[in-house]
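Thank you all for coming; I would like to take a few minutes to walk through one model, part by part. Please have the sequence and the structure open while I talk.

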Amino acid sequence: MDQIQLTIDGVPVKGRKGQTILEIARDNKVDIPTLCYHPRISKTGACRLCLVRVNDAALKTSCTEPATEGMKVVTDDEEITNLRRGLLEMLLAEGCHNCLYCEANGDCKLQKLCHRYNVPEPSGEFPRHERVVDTVSSKGLRRNENRCILCGRCVKACSEIQMLGVWNFTGRGSNANLTSDMYDRIGDSSCVMCGTCVQLCPTGALSFQTVLGRGQAWELKKESSICIYCGVGCKIDFYTNKEGLLVKALGNEDGPNEGHLCVKGRFGFDFVQSDKRLTKPLVKKNGKFEETSWDEALDLVSSRFSDIRKKSGPDSIMAFSSAKCTNEENYLMQKFMRAVIGTNNVDHCARL
Amino acid sequence: MTNSIREIPVSEAFLIIGSNTTENHPVIGSMIKKEVITRGKKLVVIDPRRIEMAKYADVFLQIKPGTNIAILNGLAHVAIKENLYAGDYVASRCEGFDEFKKVVEKYTPEFVADICGIDDPSLIVKAARILAGAKPMALYYCMGVTQFKSGVNGVKSCANLQMLLGNIGVAGGGVNPLRGQNNVQGACDMGALNAVYPAYQPVGNEEMRDKFKAAWKPAFDLSMKPGLTIVESLNGAIAGDVKALYVFGENPVMSDPNQHHVIEALEKLDFVVVQDIVMSETAQYADVVLPGAAFLEKEGTVSNTERRVQLMHRVVDFPGEAKDDWWIITQIANRMGASWEYTCAKDIFEEVRTVTPSYAGITYDRLEKELIQWPCPNEQHPGTQFLHKDKFSRGLGLMTAIEYTPPAEEVDPEYPVILTTGRILEHFHTGTMSRNSRVLHETVSEGFVELNQNDASNYNVEDGDLVAVSTRRGSVRLKAKVTARPKPNVAFIPFHFVEAAANKLTIDALDPTCKIPEFKVCACKIEKVHM
């Protein structure tokens with residue numbers, strides 16, 4: 001492996017040939033601010049926030065600049081700070097960023113950086129274009145382009161991860177804006193609502209329909225699980241609010257899905273907290289279900305199984321186990337049938 | 001899968017057969033699309049419908065449902081005839097080649113094109129040359145290969161082709177079934193099957209019986225007689241041999257073929273217990289319904305299509321008095337004389353490790369930090385990225401000479417259209433989960449039948465018209481979706497919708513070996529409903 005050595009802010013660090021300055025910095029826990037960079041998509045170099053000084057001279061975008069042997073990198077100095085603040089000021093001025101009304105409040109990369117660099121309120125001297133606000137056309141996604149900073153992450157999420165290419169830029173200069181296929185509204189496009197663009201959006205320009213009004217970013221708790229749908233086994237971070245309600249699902253980068261999800265993994269979790277859920281054991285009496293206690297239900301099941309086993313033999317009892325349940329539960333079900341009932345009559349829907 | 005999802009970038013070509021990958025395994029679908037679209041990898045798609053993947057294919061073979069074996073034999077025929085196959089690999093690592101060669105000899109492109117309903121036989125030659133010319137080539141398949149009376153032979157034909165082309169036991173190659181449920185792999189691994197203990201150890205083997213008897217300490221000898229499969233047990237119920245049924249997290253009324261037959265069986269049973277999260281169509285026929293836990297309320301492990309074992313964490317609390325499913329099973333077992341002392345899922349997993357050699361090296365602690373695919377025989381073992389490296393698990397790879405056999409029910413003047421069934425992107429299986437999730441339900445809220453434009457005009461049907469689709473087993477009414485997707489004379493119905501249940505129509509013909517039902521092909525008729 002071609003190892004190289006360089007210094008970042010005076011500290012010697014090691015990297016591999018071909019890595020960018022930003023990648024080596026992140027590997028070494030050095031924080032360089034970024035907006036358009038995301039490890040899952042190709043490098044853009046558009047936002048310029050990751051500027052660093054190389055060899056005491058030129059300013060380079062660290063997300064695109066390859067690191068070389070002996071390179072001396074400075075990630076922050078007065079000029080860099082001023083440049084970053086200026087860039088952020090322009091981004092703020094160009095849109096309409098009112099955090100009070102924004103789904104991304106507390107989870108917005110732009111908001112964080114404006115805070116970090118103490119960016120003043122926009123003066124109003126820059127022209128501001130009203131852009132598309134489309135919160136109804138798609139069942140899953142909302143779009144408020146007045147919060148868009150044209151970083152291009154959604155465009156690349158769709159064309160490089162989902163491989164559909166719904167999003168693109170249209171117009172030039174200060175008229176540049178997003179388009180979904182050739183339409184203004186996402187709902188009219190070929191979008192399949194995988195939601196990867198929303199997951200990668202650094203601001204509140206794109207958001208999920210399910211999030212608004214269900215708790216703010218800092219109130220949410222996160223825990224990982226595995227998607228319940230197909231056999232790919234996507235790892236998902238599920239977010240719940242203070243009341244324990246499920247709010248959103250983000251693809252986890254460590255799973256086989258590498259952060260990606262489909263529409264089912266993204267939005268298919270409501271059933272867990274649906275009011276159709278069974279909450280008490282039920283016993284059928286005279287053709288009607290009646291609620292009962294666990295003790296009564298379990299006693300009934302075990303005594304009926306025992307009776308039937310005694311009268312008609314263990315092979316008269318059958319169990320359908322489940323491909324929707326865990327390994328532990330399936331193991332227990334087959335053990336129950338084999339070692340307690342005494343039959344190999346156990347199967348599940350592998351064939352269906 | 002013999003191979004791994006992360007090997008997709010290593011493959012030089014892909015053969016997708018009987019898998020609507022972008023709708024049913026979308027994340028893998030996107031990964032394959034990326035290789036084909038941006039890196040110029042080769043793609044051959046074989047399917048009765050012009051699915052999205054067909055758009056990106058170098059060759060798309062639109063075959064009649066139920067003719068997979070013929071087309072796979074046809075590809076092998078060309079590879080052998082033009083000497084494009086991996087001769088050294090076949091000679092050193094496989095057996096059965098001579099008989100295989102003899103059988104595929106008659107599967108000329110013209111012969112196959114006739115069986116499969118392909119207009120241009122030269123497409124088969126072109127596809128074979130592409131697949132044989134790129135190494136490694138990965139074969140992906142799904143229920144469009146397996147859900148036939150000849151399903152097992154379909155899978156063997158996939159393996160034949162990959163052995164012939166030398167693509168098994170190499171990174172980026174393989175025979176890769178895409179599992180349709182998040183833990184169908186694990187449920188099989190754990191022995192939730194009628195003839196095997198965990199890790200596929202046969203129940204009919206004395207050594208295995210003794211091993212599990214020692215581990216489980218039952219009050220009696222473990223049975224060595226293979227049990228019933230789902231469909232067999234329903235037949236058994238109707239015949240009066242099966243008296244009681246414990247249904248755990250399944251919905252056979254919706255998911256099994258020939259719905260009337262399933263309901264008849266459930267009504268005949270003396271005692272039915274359903275353990276589920278909602279009052280499913282099946283639960284209506286239960287004597288006792290036990291409220292179990294949904295996936296986000298559980299801790300435990302699941303195993304994905306690439307044999308990767310992953311941990312689930314508890315995200316939300318149980319509603320009301322619902323309980324962990326392992327707790328419920330344990331309670332019933334202990335009331336029937338067992339003395340199980342599990343306190344959590346991890347306790348059970350520790351026992352699984354002791355009797356399941358392929359899982360022996362996997363621990364919860366390792367799963368928090370590591371990517372592990374079974375077989376993983378000990379705690380120092382890194383797991384297995386792809387199977388059959390250097391030699392096949394059985395020694396030599398067995399090539400099986402297989403003849404094409406037609407489906408159980410062919411079209412006739414009364415039922416002139418082939419009906420095939422499957423899933424769509426927004427919904428899943430019997431709909432109990434996806435139809436109770438708002439975004440998914442609002443996006444697609446009702447069932448439909450996909451009809452080819454030609455067929456639609458023959459029946460004087462326009463997009464959105466109500467039609468009746470009938471087979472010898474039943475009839476449903478749904479809206480027509482007129483598209484260019486299905487092959488002419490093929491209709492497709494997704495099986496998610498209880499109000500237009502596809503499985504009122506499907507046939508319960510079974511594969512003789514593995515008992516999979518022939519969901520993918522039966523004969524139907526289409527009639528416009530005049531309102």
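I will go through a sheet, a helix pair, the contact between the chains, and then a few individual residues.

A word on conventions before that. This is a predicted model, in which local features need pLDDT of at least 70 and side-chain atom pairs count only at pLDDT 80 or more, while totals for chains, interfaces and linings use all residues. Residues are numbered from 1 along each chain as its sequence is written, and chains are lettered from A and ligands numbered from 1 in the order in which they are written.

Let me begin with the sheet in chain A. Here 5 strands form an open sheet with mixed pairing, in the order β2-β1-β5-β3-β4. Helices (H or I, at least four residues) and strands (E, at least two) are DSSP runs numbered from the N terminus, and two strands pair if DSSP finds at least two bridges between them. As a reminder, strands of a sheet pair through backbone hydrogen bonds, either parallel or antiparallel. In chain A, β2 (11-16) and β4 (59-61) stand at the edges, and each has a single partner strand, so one side of each is left without a neighbour in the sheet. From one strand to the next, the twist averages 40°. If you look at β3 of chain A, residues 51-54, you will find it joined to β4(A) by 3 bridges, with the two strands running antiparallel; within that pairing, A:L51 has A:T61 as its bridge partner.

Now please turn to chain B, where helix α4 (residues 68-81) packs against helix α7 (residues 109-116) at an angle of about 165°, with their axes 9 Å apart. The axes are lines fitted to C-alpha atoms, for helices over the stretch in contact, and angles run from 0 to 180 degrees between N-to-C directions. Angles under 35 degrees count as roughly parallel, over 145 as roughly antiparallel, 65 to 115 as roughly perpendicular and the rest as oblique, and α4(B) and α7(B) are therefore roughly antiparallel to each other. Which residues of α4(B) and α7(B) make the contact? On α4(B) they are B:A70, B:I71, B:G74 and B:V78, and on α7(B) they are B:P109, B:V112, B:I115 and B:C116, where two residues are in contact if their C-beta atoms, placed from the backbone, lie within 7 Å. By class, this contact of α4(B) with α7(B) has 7 nonpolar residues, 1 polar residue and no charged ones. Here Ala, Val, Leu, Ile, Met, Phe, Trp, Tyr, Cys and Pro count as nonpolar, Asp, Glu, Lys and Arg as charged, and the others, Gly among them, as polar.

Moving on to where the chains meet, the contact takes 120 residues from chain B and 98 residues from chain A. On the side of chain B that touches chain A, the largest share, 8 residues, comes from helix α16 (residues 325-335) of chain B, and by class that side has 66 nonpolar, 31 polar and 23 charged residues.

The peptide bond from B:K135 to B:P136 is cis, with omega near -5°, and B:P136 sits in the loop between α8 (122-133) and β5 (137-141) of chain B. A cis peptide bond also joins B:W374 and B:P375, with omega about 0°.

Finally, a residue in chain A. Leaving aside its neighbours within four places in sequence, A:G204 is in contact with residues including A:C102, A:E103 and A:R147. By contrast in class, A:D181 is partly exposed, with 15 other C-beta atoms within 10 Å, and A:D181 has a positive phi of about 50° although it is not a glycine.

Definitions and conventions: Buried ≥ 20, exposed ≤ 12 C-beta atoms within 10 Å, placed from the backbone.
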